[in-house]
Amino acid sequence: MPAGSSTLYEKRKGVYPKAVDGFYRRLKWAIMAVTLAIYWGTPWLRWDRGPYAPDQAVLIDLAHRRFYLFAIEIWPHEFYYVAGLLIMAGIGLFLVTSAVGRAWCGYACPQTVWTDLYQHVERFIDGDRNAQIKLAKAPWSVAKLTRRLTKWGVWLAIAFATGGAWIFYFADAPTLLHDVWAGSAAPVAYATMAVLTATTLLLGGFMREQVCIYMCPWPRIQTAMLDEKSLVVTYKDWRGEQRGSVKKAQASPDLFGDCIDCNQCVAVCPTGIDIREGPQVGCITCALCIDACDKVMRQVGRQRGLIDYCTQEDVEAEKQGAPPRRALKTLLRPRTLAYAAVWLSIGAAMLFALGARTRIDIAAQQDRNPIFVRLSDGAIRNAYMVKVRNMEARPRPVTVAIEGLPDAMLWTDAMPREQAMATVTATVPADSVAKLRLFIAAPAPGPQRQDFAFTVRATDREGGGDSEPARFERP
Amino acid sequence: MADGQDKNIDATTGTELKGHEWDGIAELDTPLPRWWLWTFYATIIFAIGYVIAYPAIPMLHDYTRGMMGWSSRGALAKELAAREAEIAPLRRAIADTAITDLPGKPQLMQAAVEGGRAAFKVHCVQCHGSGAAGAKGYPNLNDDDWLWGGDLATIEKTITDGVRNPNHDATRVSMMPAFGRDQLLTGAQVNDVVAHVRVISRQDRPSAASQRGAKLFADNCAVCHGPDGKGTRALGAPNLTDGIWLYGGDTDTIHETVWNSRQGVMPRWDDKLDKATIRMLATYVHSLGGGEATLVEAGNGVE
């Protein structure tokens, strides 16, 4: 295609963010440390569940269809708890966004955290912003190639550690670690590692801010969720404009604002934007420009906060001469409180449901072919596949009985009818489903369809039970 | 547009225009993206290779078969053979285990029942029904009433040799005389016997006819059905006192049975199925709910 003067595509401009120090930079360090520690550390936490269940605190056991989260064990049919967690995560994002803007983007998003980490590596190897720009422009040489290979090597190592750590959430971590190095882990483990290593390297090392600006849907959604009362990183143009150097300002004090046009806010920005152009989709509100600007303001003896966390409403108010409001005060407003209330009530409802759930239940399916069988003594027999689910990590003795079917007797396919009784006892192995083929015989005279219920009761100290409606059919 | 001067280049994109125009809207002659073009060429090369390697082109009476000799039917056969080979050890283990020993090996037993379930769907449902509930003249295999016996070994024997199978010595045979048709009993006597059978099966109250029938029953029927009509399994004579009737328990049906007798036939299966399949069928039928325990001989230590 002829290059021409095409305006349809924008060529990527290199972003070489400068190192900066300050409150928000330190906050980001802390959050990076915490999030990375959670990511890499979680699979190695142990949680004693007794001899019948894995001792990994957080484990998504896809092979056995169990989800372990500390004391909570979730079965596939309870997946609504996970759905609930996802809903909470969604509403949590709404809450955070309406309160503190794109804080997720700026601090906690993996794309941000890993990009940040990669940029530190880059600065360590290539030097700070100016050295990086110089190196990027320099022709290829042995020295440049060495630096590039070193950088890419470290990136790859980080990417490998990242992709490699993911799989530990899905199997016993120590065993899997051994298996991975011994070459005996499942192919899907290696495939996952390879894919995530590649994506980490690509997204963290090379695509970076382009992910946020072009690929990620979240900034667009958040842009819709922000309003004039949300905290965003704002350049207070009423204070900054007209831009001019300190010298110029000294020469004609009334002409110039506080911004000395030093471009430090642009230099430190990890997405390469100029915050002075106003709120924009490229701003992930990491607040590093606040740190940079504050430092400059301190140096030139002007008040900090030319760039600051501030709501659009407060910017307007300050422009009219109102005193600056503390950022914290902007957090409490009906919208954030409503989100918080919804978020908390879902959480409370889930906790309640978790606390109240029974860990033993019963399901019954009637044989449909034939529906009933006449026995030689004239009685009618129906057969059922009864499943007793023991969701605790220990074997449990249970008694299965029937309610609402007088004169009926119960037996399993493992015993002769002569041993039929009103109840059947069984032991359900730990964390599994016991299948019982149950026969029920009742005298032939009676309604054609008779509703009754199977009940199960644990006969150990903890007790608990469940019941399941069923139907007995006669000719 | 052979010479370059005629080229109509769009100013914004630098791309040549097609040359036609509708209401001021012109079409760009944008070249295909390279990657697309190469992918397209690659698919052509792939297609040529595919046509050579695999069945592809239909001819008048045949089709090109391809160099690899692949066919979907062949692939299926291979898949089936692989599956057969996979379960062959299991089938051998079942064939090598006496049917009375199977219940002691739960895994093998479970495999046998499941295999029997599948084989039943193929070989047995035509008469016994998909749920093994039978029909008039074809026994319900779910209940606890057995003509020949309901323990594993007896069921296996019945399946192996069949019932009243012609030209097979080992087959199970029970020959009820056609009392009416062959004039062993008069019409009135047959009616009396039927009345008696209705009484011992607790469907009618005793009557004068049934009392006459009782005498006739003792003389003509008790030799097979037993003095109290409870049947004799060794002879395949059904129990006439229970709630289960192969052909029906109403007066007319019983009358027809006594008059003409019944000679239901079940095929022998040992000439059609292998030992393992028959054994699996027996365990499945036994598992339907009416299976009886194997009689344990004294001193035979079975847990």
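At what angle do helix α6 and helix α8 of chain A pack, and how far apart are their axes? Hold that thought while we get oriented.

This is a predicted model, where local features need pLDDT of at least 70, side-chain atom pairs count only at pLDDT 80 or more, and totals for chains, interfaces and linings use all residues. Residues are numbered from 1 along each chain as its sequence is written, while chains are lettered from A and ligands numbered from 1 in the order in which they are written.

**Stop one: the whole chain.** Select chain A. Its C-alpha atoms fill a box of roughly 115 × 60 × 50 Å along the principal axes. Colour by secondary structure and you'll get 16 helices and 14 strands (DSSP runs numbered from the N terminus: H or I of at least four residues for helices, E of at least two for strands).

Now for burial: 30% of the 475 residues are buried, that is, 20 or more other C-beta atoms, placed from the backbone, lie within 10 Å of their own.

**Stop two: the helix pair.** Select residues 142-166 for α6(A) and 187-207 for α8(A). Here's the answer: they pack at about 135 degrees, with axes 7 Å apart (lines fitted to C-alpha atoms over the stretch in contact, with angles from 0 to 180 degrees between N-to-C directions).

**Stop three: the contact.** Show side chains on W155(A), F160(A) and W166(A), among the α6(A) residues making the contact, and on M193(A) and L201(A), among those of α8(A). Contact here puts C-beta atoms, placed from the backbone, within 7 Å.

Technical notes: A residue is buried if 20 or more other C-beta atoms lie within 10 Å of its own, exposed if 12 or fewer, and partly exposed in between; C-beta atoms are placed from the backbone. Two residues are in contact if their C-beta atoms, placed from the backbone, lie within 7 Å.
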